[in-house]
Amino acid sequence: MVGKVLGIRELEQFSSRRSSIYVDPECEKFFELPLFIAASSNDITTKCQCWQFSPGKEPALRSFTEIQQLLQQNKKRDVKNILRENSWPINSPIRSQLWPALCAQHLTKQNIVDGFYWEMVHQVFGTTELSEKPIMLPAFVDATHCLPYHLTSTGRAVADRIVNVLGYDCPDITYSPVLYPITSLLLHFMSEEEAYLCLAGLVGSKEKTFINQTKLQHEVTWKTVMQIAKKHTKSAIAYFQRICPGQKLERVFMDWCWWILAGLPFQHLVRIMDCFFHEGIKVLYRVALVILNLFHKECQSNNEWSPDNIKNDIGNALIKFCKKIPVSPAKLLHAAFSIRGLSTQYISRIFIKTEMLLKSRSALNSGSKQLIKSRSSDNLPTSQSQVNIQMMSHTLTIRELHSESCRNLLFTLWSWLPVRITMYQPVLLYTTEEHGCSLTTFYVRVEQHEPTLLMIKTCNNEVFGAYCSSRWFERNVKDDKGQRQAYFGTGETFLFSLYPERAKYPWVGIEGDRDLGHSSELFMAADSKMITIGGGEGQAIWMDENIRFGKTDGCKTFNNPPLCPSGDFEIRVLEVYGFVGV
């Protein structure tokens, strides 16, 4: 079971079993102490010789029991600080308990029964015995980056089997090159079943991103890293562009994750994973920025990395540099977490903007301030989506319209939603006709759902609304100074009008790479007195606490006109939809 506290005797057996079955004895030459050691009170606190600490500054290493208690109390920030500051040696047995417990936080299938994995193995392979024949890997695996990290042939076969079962259980994974290397890393510290459960948690996480699962996500991620690097490592980027004027920067950043996973020494990688399994992919972003800065510094002082030696292939030179990285794991992480202005919100904003650019640029009408969807067959709902639309049409605010007109409007609305959302069944969370006109009731029924679709019908029969990308509960989230944030949400939020005009108003940030300022990122705001969507020289949608009256203006966030001619409106019906399973 994930997070199980192993006894000393059990840990001794585990260490012996793992090292003999999965870990190639040859790998021991890379470390001054064996990777696994028998667990005893002395061994748990023994520091591996290959770790470098400044004299007199060695931290007191925390135990798994302390971390487990904090996890049970949901003190995630305390856990984060401990993981960042505690440089457990590479041969510490703590990870056999720590990593499964960290990954278990992210499991969405909370009721996975004991033996589930082995039932899946039997279902996929017809037996639980490990085949001596090679196993064909799923199509989402990048065969050129199946990094084994010194696993034995048996260990690699186990990794192959885990990845196959995960692919069978998660058919939505279509491209995930980092999944196999992470599987190999997990097997150094835990059993096959535990490794599978860890991956299930990372892949299924709803709150944080750990592993990209499609080619789109993969591309958005490396382009996000590139955009962040242009801001936070300006000198390094300028240097690379100067010495390689004919080489596109994109080619360098396409392989950014391999600087870390294929380049860094194993002891560095393991310490990075300590933090990654808790905080997510943003840890890798930070490490990548440090690598760029360190490489730039070495290029100016070390002839091995002179312009003549690296200009033809900076990407390959970066990986070679990482293999000889001149700082300890502790110093690498300290530098990574010392980067300022790299908040989760900032990273998310860049990611969403990049994703929307890739998905929507072809659909944007660059010559118009508003986007009108065509009536062509492009972007029509799939058969499953049409079933969902039919279910939605029974309660939608526009149902009084002619059935054919209603269906066309719904098809249009559905084509505007993010593609991944159209696969989920819509569910009516709140309607003023049934649940009354109260903002308190609205929050009780809606605030924990993400995303939501708001539909307003006015007393003048106008129909408009908004797709809201974040939970309304985020109105209560406090920043690092303990203050509630006025606005929240992401660039995936958009406005729309269905009747009498039919138009979509996406976030202005997806139209280009220019910095539009704070007023262009006022997506959602709410308190006990009102709800607002869109801001900057006006509010696109504003509703009062009684959900009776509202107003609509043009705003900078969406560059929209007022959604109804008069500007002020009286609400006839408000309906809010969520999506089952998101």
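**View 1. Cys 198 is a buried cysteine.** Its relative accessible area is 1%, where buried means under 20%, exposed means over 50% and partly exposed lies in between, using a 1.4 Å probe and protein chains only. The model shown here is predicted: local features need pLDDT of at least 70, side-chain atom pairs count only at pLDDT 80 or more, and totals for chains, interfaces and linings use all residues. Residues are numbered from 1 along each chain as its sequence is written, and side-chain values use heavy atoms, with hydrogens and water left out. The structure holds 0 disulfides, a disulfide being a pair of cysteine sulfur atoms within 2.5 Å. Cys 198 is in no disulfide, and the nearest cysteine sulfur, 3.8 Å away, belongs to Cys 103. As a reminder, a disulfide is a covalent bond between the sulfur atoms of two cysteines. Cys 437, in turn, is partly exposed, with a relative accessible area of 45%.

**View 2. Helix H7 is mostly covered.** This helix runs through residues 153-169; helices (H or I, at least four residues) and strands (E, at least two) are DSSP runs, numbered from the N terminus. Of its 17 residues, 12 are buried, among them Gly 155, Asp 160, Arg 161 and Asn 164. How far apart are the end C-alpha atoms of H7? They are 25 Å apart, which agrees with the 24 Å that 17 residues should span at 1.5 Å a residue, because the expected span is 1.5 Å times one less than the number of residues.

**View 3. The loop between H6 and H7 holds His 145.** His 145 counts as buried, at 18% relative accessibility. Its side chain meets that of Thr 144 in a polar contact of 3.2 Å. Such a contact is a pair of N or O atoms within 3.5 Å; within protein, one must be able to donate a hydrogen and the other to accept it, and residues adjacent in sequence count only if both atoms are side-chain atoms. Leaving aside neighbours within four places in sequence, His 145 is in contact (heavy atoms within 4.5 Å) with Pro 177, Pro 181 and Trp 258.

View 4. Most residues other than glycine have a negative phi, and most peptide bonds are trans. Is Tyr 149 buried or exposed? Tyr 149 is buried, with a relative accessible area of 10%. Asn 461 lies in the loop between S2 and strand S3 (463-468) and counts as partly exposed at 34% relative accessibility.

View 5. You can find Pro 451 in the loop between helix H23 (439-446) and strand S2 (452-458). Pro 500 belongs to the loop between strand S4 (494-499) and strand S5 (503-506).

**View 6. Ala 330 is part of helix H18 (residues 329-337).** At 24% relative accessibility, Ala 330 counts as partly exposed. Ala 330 and Arg 271 are 59 residues apart in sequence, with 8.0 Å between their C-alpha atoms.
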